[in-house]
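Open the model in your viewer and keep the sequence panel beside it. The tour moves from one selection to the next and says what is found at each stop.

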Number of protein chains: 2
Amino acid sequence: MSAITVVGSVALDTVETPFGQTVENLGGAAVYFSIAANQYADVKLVGVVGKDFPQEHISLLTKAGIDTEGLQVADGDTFRWSGQYEYDLNVRHTLDTQLNVFADFHPELPDHYKESPFLFLANIDPELQLEVLEQVDAKLTMMDSMDFWIESKRDALTAVIQRVDIVMLNDSEMRQYSGTYSLVEGARKVLEMGPTAVIVKKGEHGAILVTEDEVFSAPAFLFTEVKDPTGAGDSFAGGFMGFLAQHDGAIDGSALRRAVIHGAVVASFTIEEFGVGALHSMSLVDVQERYRTFQQLIHYEEQCLSSDLCPLRTGSGLPDQA
Amino acid sequence: MSAITVVGSVALDTVETPFGQTVENLGGAAVYFSIAANQYADVKLVGVVGKDFPQEHISLLTKAGIDTEGLQVADGDTFRWSGQYEYDLNVRHTLDTQLNVFADFHPELPDHYKESPFLFLANIDPELQLEVLEQVDAKLTMMDSMDFWIESKRDALTAVIQRVDIVMLNDSEMRQYSGTYSLVEGARKVLEMGPTAVIVKKGEHGAILVTEDEVFSAPAFLFTEVKDPTGAGDSFAGGFMGFLAQHDGAIDGSALRRAVIHGAVVASFTIEEFGVGALHSMSLVDVQERYRTFQQLIHYEEQCLSSDLCPLRTGSGLPDQA
């Protein structure tokens with residue numbers, strides 16, 4: 001299996017949604033990404049926890065086969081995040097952030113991590129993302145970020161964007177960073193800086209993929225109940241990059257589009273339950289089943305109003321209903 | 001050509017978006033719907049304006065071939081709406097509403113309107129929508145509504161929903177009416193009340209179609225600049241119902257899905273400019289061109305991770321990139 005190194009937060013999350021709540025659950029971007037990508041590739045996690053971090057959480061990761069040698073255990077308490085979602089689950093309020101050991105975190109990659117051909121830089125200080133890029137020479141790199149860094153460390157963030165292959169931001173972050181209302185135009189501005197592909201995450205509305213030649217829009221998987229959207233974006237990234245890693249990092253349009261659907265499918269498991277539970281018990285067979293269902297969600301029969309307008313399309317063999 | 005009767009507001013709109021503004025422009029749900037559907041079918045408009053309504057606006061409609069015999073001209077001023085959009089164009093603030101002659105409006109359908117096989121009830125008081133339903137016996141009926149009526153006239157709104165074939169609401173209205181977070185579950189609750197299909201509009205995020213057997217998600221057309229989203233939903237309805245009318249009102253899954261794409265395409269013209277200008281100059285050839293481009297936006301190659309998991313899909317003949 002191909003290997004992916006992921007660098008990002010490992011946290012204890014306290015979350016309240018209209019459908020329930022949890023207290024100090026295993027969370028963090030690197031955790032969601034790792035468990036998601038673990039279905040597709042060998043995952044090597046880089047992060048930091050405090051001495052208070054429950055051993056059972058580390059066991060959950062290692063038993064799943066995730067390499068935690070790069071998970072530092074520092075003196076102090078683990079990073080804690082507390083948030084509340086409104087009935088429109090797209091609106092999230094951060095109630096409390098305790099950085100704790102995460103405040104002084106500097107990622108250090110064990111030697112065998114540095115050979116991973118795939119690298120995901122989850123949402124952390126872009127200066128730390130640059131530190132990681134100095135340590136590795138990955139074949140395919142992907143990054144995430146957030147409004148706070150766009151506002152406070154734009155130059156460092158830009159330096160990261162210029163060095164990675166795939167940039168992932170959500171819709172409001174893309175508008176904020178690009179200064180452009182159109183998500184497609186904003187993504188194209190980012191592409192001009194160097195990356196091969198840009199993904200705009202839109203939460204319950206799915207994601208958009210933009211490359212030099214293509215624009216692809218995928219909805220979220222709409223057939224399941226949503227209890228807690230925490231970790232959906234990082235799970236999406238895990239499914240997306242996991243799929244690419246499984247396919248040797250080919251990033252032609254077709255692979256990228258299929259990877260987006262895998263990301264959306266994997267994220268659909270995450271949001272069904274609080275925490276990482278549903279994601280952790282997901283199998284590749286489960287993923288495949290939902291992947292196939294996706295076709296039903298987006299397919300429509302192509303049809304010409306006037307046959308001379310689109311002769312090449314007529315009788316293209318597309319099935320009526322998938 | 002098949003005929004559609006539309007009942008709804010005719011207005012003078014004052015709109016400000018981050019990209020410009022207009023003052024007392026021709027607007028209103030019935031106007032946007034009429035101009036959109038006019039590409040596909042004969043449109044018969046029912047509404048009311050005041051004595052101050054510029055004759056040029058009526059000329060624009062009649063010259064386009066829209067039947068305005070059902071447009072009452074009442075003593076008083078025309079309905080005026082004034083709104084402002086934030087940078088996230090999904091957030092709209094109503095600055096001022098002057099109902100004027102619209103306050104005492106009672107739709108009266110000329111006799112030849114009553115034979116239209118298609119009826120669109122745009123967003124008006126559900127009691128007026130019921131009055132219209134009493135006057136006609138259409139083959140296919142569709143309705144829109146808004147938060148104000150869900151809150152203030154829920155029973156009348158429910159009575160309308162029970163009598164129409166297709167219900168169109170936006171995402172927040174669907175959640176408000178159904179009391180369900182999941183848009184698909186909410187739509188299914190509405191289906192249980194009688195309608196054959198439910199459309200959930202999501203603005204820049206496209207639309208979802210739900211029937212007893214199917215869920216279909218369509219993105220908005222992402223390739224064009226957005227200046228003013230006013231009228232997008234009614235233009236969507238016009239393209240959607242126009243397509244169905246052109247196809248004799250067949251509402252099997254395939255027709256409904258294609259109608260949704262037509263709605264999205266037609267709406268994409270509306271939002272390119274302020275007012276009805278871009279919609280008015282749109283031709284069916286323009287629509288067809290964007291309809292074909294849509295396939296690029298949503299198509300991905302189906303592929304099996306393990307061939308024995310989905311033997312029926314392998315080699316289904318779907319093109320790699322449309």
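**Stop 1: the sheet of chain B**

Select Val49(B) and Val73(B): Val49(B) stands opposite Val73(B), which is in E5(B). Strands, labelled E, are DSSP runs of at least two residues, and helices, labelled H or I, are DSSP runs of at least four, both numbered from the N terminus. This is a predicted model, in which local features need pLDDT of at least 70 and side-chain atom pairs count only at pLDDT 80 or more, while totals for chains, interfaces and linings use all residues. Residues are numbered from 1 along each chain as its sequence is written, and chains are lettered from A and ligands numbered from 1 in the order in which they are written.

Now select residues 42-50 of chain B, strand E4, together with E5(B); the two run parallel and are joined by six bridges. Two strands pair if DSSP finds at least two bridges between them.

**Stop 2: two helix pairs in chain B**

Select H1 (residues 29-37) and H8 (residues 232-246) of chain B. They pack at an angle of about 40°, with their axes 7 Å apart. Axes are lines fitted to C-alpha atoms, for helices over the stretch in contact, and angles run from 0 to 180 degrees between N-to-C directions. The crossing of H1(B) and H8(B) is right-handed (the near helix is turned clockwise from the far one by less than a right angle; left-handed if anticlockwise).

Next, select H6 (residues 171-178) and H7 (residues 183-191) of chain B, which pack at about 60° with axes 9 Å apart. That angle makes H6(B) oblique to H7(B) (under 35 degrees is roughly parallel, over 145 roughly antiparallel, 65 to 115 roughly perpendicular, and the rest oblique). The crossing of H6(B) and H7(B) is left-handed. To see the contact, show Asp171(B), Met174(B), Arg175(B) and Ser178(B) of H6(B), which meet Leu183(B), Gly186(B), Ala187(B), Lys189(B) and Val190(B) of H7(B). Residues are in contact if their C-beta atoms, placed from the backbone, lie within 7 Å.

**Stop 3: an exposed glycine in chain B**

Select Gly20(B), in strand E3 (residues 20-27) of chain B. Gly20(B) is exposed, with 11 other C-beta atoms within 10 Å (20 or more count as buried, 12 or fewer as exposed, and in between as partly exposed, with C-beta atoms placed from the backbone). Beyond residues up to four places away in sequence, Gly20(B) touches Lys227(B) and Phe274(B). Gly20(B) and Lys227(B) are 207 residues apart in sequence but 7.4 Å apart in space, C-alpha to C-alpha.

**Stop 4: chain A**

Select Val287(A), in helix H11 (residues 284-298) of chain A. Val287(A) is buried, with 23 other C-beta atoms within 10 Å. Leaving aside neighbours within four places in sequence, its contacts are Gln39(A), His262(A), Val265(A), Val266(A) and Met282(A).

Finish at strand E6 (residues 80-85) of chain A, which runs antiparallel to E7(A) and is joined to E7(A) by six bridges. A hairpin of six residues connects E6(A) to E7(A), and Gly83(A) stands opposite Thr94(A) in E7(A). Of the seven residues of E7(A) (residues 92-98), the number buried is zero, so the strand lies largely in the open.

Terms used:
Two residues are in contact if their C-beta atoms, placed from the backbone, lie within 7 Å.
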